[in-house]
Amino acid sequence: QVQLVESGGGLVQAGGSLRLSCGASGRTFINYVMGWFRQAPGKEREFVARITWTGGLTSYADSVKGRFFISRDNAKNTVYLQMNSLKPEDTAVYYCAAGRMGFSTYEYWGQGTQVTVSS
């Protein structure tokens with residue numbers, strides 16, 4: 001059915017960049033919000049960024065504003081997270097999610113991809 005598959009994680013030095021991808025399939029995402037979340041060891045999962053599928057309106061957590069940029073390619077059913085000026089505290093498992101607009105919860109989640117930033 002609906003699948004979200006993240007890719008692009010890896011090991012990068014502080015100050016470097018990574019681009020995460022989330023391939024979405026199984027349904028149309030009109031009226032959906034696509035989001036990125038992350039979870040570091042011993043910490044709660046936190047919101048990183050989101051984008052509306054149709055209008056492309058974006059929102060970011062304060063901790064990543066100016067460094068991370070979310071985008072989507074509707075033709076490819078893919079959501080991206082461009083991460084620049086990475087810091088060690090950005091180290092986490094990053095998850096792609098999709099939720100219906102107007103609701104506080106996300107219906108679909110990917111398996112996660114590890115991002116490790118070394119100092």
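This is a predicted model: local features need pLDDT of at least 70, side-chain atom pairs count only at pLDDT 80 or more; totals for chains, interfaces and linings use all residues.
## The disulfide

Residues are numbered from 1 along each chain as its sequence is written, and side-chain values use heavy atoms, leaving out hydrogens and water.

A disulfide is a covalent bond between the sulfur atoms of two cysteines; here the cut-off is a pair of cysteine sulfur atoms within 2.5 Å. The structure holds one disulfide, and the S to S distance between C22 and C96 is 2.1 Å. C22 belongs to strand 3 (residues 18-25) and C96 to strand 9 (residues 92-100), so the bond ties together parts that are 74 residues apart in sequence. Strands here are DSSP runs (E, at least two residues), numbered from the N terminus.

Are these cysteines buried or exposed? C22 is buried, at 0% relative accessible area, and C96 is buried with 0% as well. Buried means under 20% relative accessible area, exposed over 50%, and partly exposed in between (1.4 Å probe, protein chains only).

Four strands form an open sheet in the order 1-3-8-7, with antiparallel pairing. Two strands count as paired if DSSP finds at least two bridges between them. At the edges are strand 1 (3-7) and strand 7 (68-73), each pairing on one side only.

Strand 7 pairs with strand 8 (residues 78-83) in the antiparallel sense, over six bridges.

## Aromatic rings

How many aromatic pairs does the structure hold? There are eight. Rings of Phe, Tyr and Trp (its six-membered ring) pair if their centres lie within 6.5 Å; planes under 30 degrees apart count as stacked, over 60 as edge-to-face and the rest as tilted. F37 and W109 form a tilted pair, because their ring centres are 4.9 Å apart and their planes are at 50°. This pair links distant parts of the chain, with F37 in strand 4 (residues 32-39) and W109 in strand 10 (residues 108-109), 72 residues apart. F37 is buried at 11% relative accessible area, whereas W109 is partly exposed at 34%.

Ring pairs also link F29, Y32, W53 and Y108 into a cluster.
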